[in-house]
Amino acid sequence: MPDVGPTQETILRDYPRLGLDDTLDFHCGKGMDCFTNCCRDVAIVLTPYDVLRMKTALHLDSSEFLQKYTLLGCTKDQKLPVVLLKMNTEDRRCPFVTDEGCSLYAHRPWACRMYPLGLAEPKGPQPAERGFYFVIQEKLCHGHGNGPQRSIRDWISSQAIDTFEMMGEPFRDLMLNEFWEKGEPLEPSKLEMYLMACYDLDRFRRFIFETRFFGIFDVDEARIEALRTDDEELLVFAMEWLRFSLFNAKTMKLKPSVMDSLERAAANDGIACETPR
Ligand code: SF4
Ligand code: SF4
């Protein structure tokens with residue numbers, strides 16, 4: 001977790017591009033003289049799945065977790081908010097670090113698992129634009145050059161990152177949409193919806209169950225039941241909802257009765273109805 005991270009331009013231009021079979025010479029553990037140095041004064045961007053894991057581990061409602069442990073930042077182009085883990089005001093340490101290490105180790109965020117690796121995902125079809133791993137080297141971390149040599153694949157597997165990558169896939173799909181590059185910044189109501197659906201899942205659950213949502217959208221009963229209690233299913237559903245509401249993707253279906261009313265209203269107005277079915 002870099003304290004002041006390299007810029008995306010620097011990474012894409014200067015950093016060696018590593019794949020899963022390249023190797024890393026790195027050791028980290030409790031006996032290191034730098035133990036927990038990396039858990040202080042860092043900008044850790046949380047993914048929606050990070051928030052889900054951490055608020056569950058802490059037995060907190062998502063709104064409470066966000067309020068207590070996070071700050072809102074913004075991407076460089078000012079188009080999107082990002083959720084950052086809030087460091088303690090007095091000592092700038094992560095609220096979860098102890099002398100024994102991370103008190104949330106089994107549920108620590110993706111960025112903490114990856115460190116000292118970073119993942120760059122340039123957009124574009126050319127080979128030079130494919131995603132790659134890179135190594136973050138900072139003075140505060142003494143783990144480099146202490147071996148053993150291990151493949152990036154092995155490192156990633158040792159950090160149990162696969163679940164985070166799998167659960168991060170729907171969010172990644174959302175983020176890679178060209179809308180973010182070409183579209184205008186989100187208007188306040190859509191921004192609010194984005195933040196709620198991505199990060200404030202308990203509030204999103206109330207939104208879908210305490211409004212006419214399921215009277216409008218065609219969602220099968222088994223899935224509705226799962227959405228009542230299964231946070232991971234809810235997160236996948238929330239990403240589908242965002243892709244529908246932001247990009248008009250065909251990820252949600254209106255109920256036939258709602259569709260008929262819309263078509264009748266459109267016919268009365270003499271215009272074609274373009275709402276996705
Ligand atoms: S969440 Fe855990 S690993 Fe990540 S910075 Fe905090 S204490 Fe360190
Ligand atoms: S070796 Fe690096 S990652 Fe491990 S505890 Fe030290 S500073 Fe943190």
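Me: How do the residues of the shell around ligand 2 divide by class?
Reply: In this predicted model, they divide into nine nonpolar, three polar and no charged. Ala, Val, Leu, Ile, Met, Phe, Trp, Tyr, Cys and Pro count as nonpolar, Asp, Glu, Lys and Arg as charged, and the others, Gly among them, as polar.

Me: Which residues are around ligand 2?
Reply: Among them are Phe26, His27, Cys28, Met32, Tyr115 and Gly143. To be near, a residue needs a heavy atom within 4 Å of the molecule.

Me: And what classes are in the shell around ligand 1?
Reply: That shell has nine nonpolar, no polar and no charged residues. The closest to ligand 1 are Cys39, Ile44, Cys94, Cys102 and Cys112.

Me: New topic: where does helix 6 kink?
Reply: The kink, about 45°, lies at glutamate 169, shortly before proline 170. That bend is the angle between axes fitted to the seven residues ending there and the seven starting there. Helices are DSSP runs of H or I with at least four residues, strands are runs of E with at least two, and both are numbered from the N terminus.

Me: Which residues of helix 6 are buried?
Reply: Phe164, Met167, Phe171 and Leu174.

Me: How are residues and ligands numbered, and which pLDDT values count?
Reply: Residues are numbered from 1 along each chain as written, with chains lettered from A and ligands numbered from 1 in written order. Local features need pLDDT of at least 70, side-chain atom pairs count only at 80 or more, totals for chains, interfaces and linings use all residues, and side-chain values use heavy atoms, without hydrogens and water.

Key
Buried means under 20% relative accessible area, exposed over 50%, partly exposed in between (1.4 Å probe, protein chains only).
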